[in-house]
Amino acid sequence: MTKIKHQPDYPAINVAVVGHTNAGKTSLIRTLLRDDQFGNINDSAGTTRAVEKSVIFAGDDAILNLYDTPGFEDSSALLQTLDEMSATFAARLPADLLHTFISRAQEFPDFEQEIKVLRQSLNSDVLLYLIDVREPLLGKYSDEVEILSKAGKPILPVFNFIAGNQPALTRWREQMARFNLHSALEFDTVAFDFEAEKRLYQKLQSLLERRYDTLQTLITYRQEIWNTLVHAAAQRIFQLLTEVACYRREVSDKHGISDADVTSMQRFVRKAEQSALRDLLTIFAFTQKDIDMQQLAVSDGEWELDIFSPRALKDFGLNAGATALKGAATGAGIDLMVGGISLGAAAMIGAALGAGWATLRRYQRELLAAWHGHKWLCADDDTISLLYLRQRKLLHALTQRGHAAQNNIQLSDNADHALPERWHKIVATLRQHPEWQFNSTSSIAYQQLQAEVINWLTCDGKDS
Ligand SMILES: Nc1nc2c(ncn2[C@@H]2O[C@H](COP(=O)(O)OP(=O)(O)OP(=O)(O)O)[C@@H](O)[C@H]2O)c(=O)[nH]1
Ligand SMILES: [Mg+2]
């Protein structure tokens, strides 16, 4: 971790999050805090009723004080009231008008919420002005900007609900430019996109030049945390792959593979995947609501489609029919391990070479052993591939790298299905080390494989 520069002379930067009701102010703060318990969020207007402070730290240093505020409701009436008031006395600065208005708050009970916003705006260093770009460009929004401008603070418009709303976004950008607000941020508040978060801090750097270093400290710190999270998630996926690829269950020679053997293997795989899925959601502090908004096929901490369902294979471009290559031990996601190689893999190699006989000769000893009682049931390659592809997709959704792909579903679908070049080789190696299932950390070979898979998962696009 980078050592955080202590800046005792500088207080935290005060950021007021303001905007129309329901624009997503509280959601934005939750996302920045990684705290799904902060405040209340609701589809109905007027959810936040009081200013609420939260703090973003870099290490022990408070960097940002974020102030959630109630949403504006009737800004046109407010602007009219302010205009009327301004006619009655000569305010030196627009902010003086706001101060006077606030000092006479009891005369304006209808603006109780708005007064809280104005007070907080005057006490802040910068305003984040949240905009739901799906809203039409109505006068009330212009009035909001005009009122907020009177506080004399830098304003950063933050465009929310941007996914799939490009034309609306362009209109809003033009609208803000008319108010001299040329720098703005696109940020889907429910999307957990570190790049967007970084851009937010960078925009604040340009608006608050004197606080550049403080904000840089924050950017560096958050970047490290983010990298750590992504790495931890990729490591967890590799652990899942190891658990499942290394799984073996000895099959009685006398009775062959029983239903109980198959059920037990399947139960193991399901539980392993479920536990990994829950860990990934926990790492990124994702809630069911986030999952729903990202349209992930996950509910109650489980994938909706069972890992052994043919539909699940098909969804990821894995061809259930190809398992026919595997000879006797097909179906239900199972394979037979014989010696160091699975029958499925042996048959695939044979088929690929176009010479079943050569394969047979090469693995003669192991194959013979199968007939003489040393058989293990294991998960087949397709199942392990599917585990990888599903978790990779989840990771992309959690880190929002799938987000840009919303405009290009075709591309993202293909990318969802491609396995890395060395994929089958890695699975074969894992299978040969059943001891890694429970104790692997000291093995250098294991660590190398782990590093390779983590690299696939964390370096976007380079794995296919
Ligand atoms: N799909 C989607 N929904 C969002 C996004 N941001 C917020 N929402 C939803 O929009 C609704 C309003 O969000 P809030 O964060 O409560 O909005 P607010 O601006 O704090 O509202 P008030 O406190 O009432 O002024 C909630 O149902 C959120 O779940 C987003 O980026 N995408
Ligand atoms: Mg709110």
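Analyst: Ala, Val, Leu, Ile, Met, Phe, Trp, Tyr, Cys and Pro count as nonpolar, Asp, Glu, Lys and Arg as charged, and the others, Gly among them, as polar. By that sorting, the shell around ligand 1 holds twelve polar, seven nonpolar and three charged residues. This is a predicted model, where local features need pLDDT of at least 70 and side-chain atom pairs count only at pLDDT 80 or more, while totals for chains, interfaces and linings use all residues. Residues are numbered from 1 along each chain as its sequence is written, while chains are lettered from A and ligands numbered from 1 in the order in which they are written.

User: What makes up the surroundings of ligand 1, and which residues are closest?

Analyst: A residue is near a molecule if its C-beta atom, placed from the backbone, lies within 6 Å of it. For ligand 1 that gives 22 residues, with Gly 24, Thr 26, Ser 27, Thr 48 and Gly 71 the closest. Helix 1 (residues 25–33) supplies the largest share of this shell, three residues. Helices here are DSSP runs of H or I with at least four residues, and strands are runs of E with at least two, numbered from the N terminus.

User: Why is Ala 45 called exposed?

Analyst: Count the other C-beta atoms within 10 Å of a residue's own, all placed from the backbone: 20 or more is buried, 12 or fewer is exposed, and in between is partly exposed. Ala 45 has 11, so exposed it is. You'll find Ala 45 in the loop between helix 1 and strand 2 (52–58). Its C-alpha is 8.4 Å from that of Glu 73, 28 residues apart in sequence.

User: How about Asp 96: what puts it in the partly exposed class?

Analyst: Asp 96 has 15 C-beta neighbours inside 10 Å, so it counts as partly exposed. Asp 96 belongs to helix 3 (residues 94–103). Its C-alpha atom is separated by 8.5 Å from that of Ala 151, 55 residues apart along the chain.

User: How do you know that the span of helix 9 agrees with its number of residues?

Analyst: The expected span is 1.5 Å times one less than the number of residues. The 25 residues of helix 9 (residues 259–283) should therefore span 36 Å, and the end C-alpha atoms are 36 Å apart, which agrees. Among the buried residues of helix 9 are Met 265, Val 269 and Glu 273. Ala 285 follows helix 9, with a positive phi near 50°, and it is partly exposed because it has 17 other C-beta atoms within 10 Å.

User: Why are helix 9 and helix 15 called roughly parallel?

Analyst: Axes are lines fitted to C-alpha atoms, for helices over the stretch in contact, with angles from 0 to 180 degrees between N-to-C directions. Under 35 degrees is roughly parallel, over 145 roughly antiparallel, 65 to 115 roughly perpendicular, and the rest oblique. The axes of helix 9 and helix 15 (residues 381–399) come within 11 Å and cross at roughly 15°, so the pair is roughly parallel.

User: What makes helix 2 and helix 5 oblique?

Analyst: Helix 2 (residues 75–88) and helix 5 (residues 139–149) pack at about 45°, with axes 8 Å apart, so they land in the oblique class.
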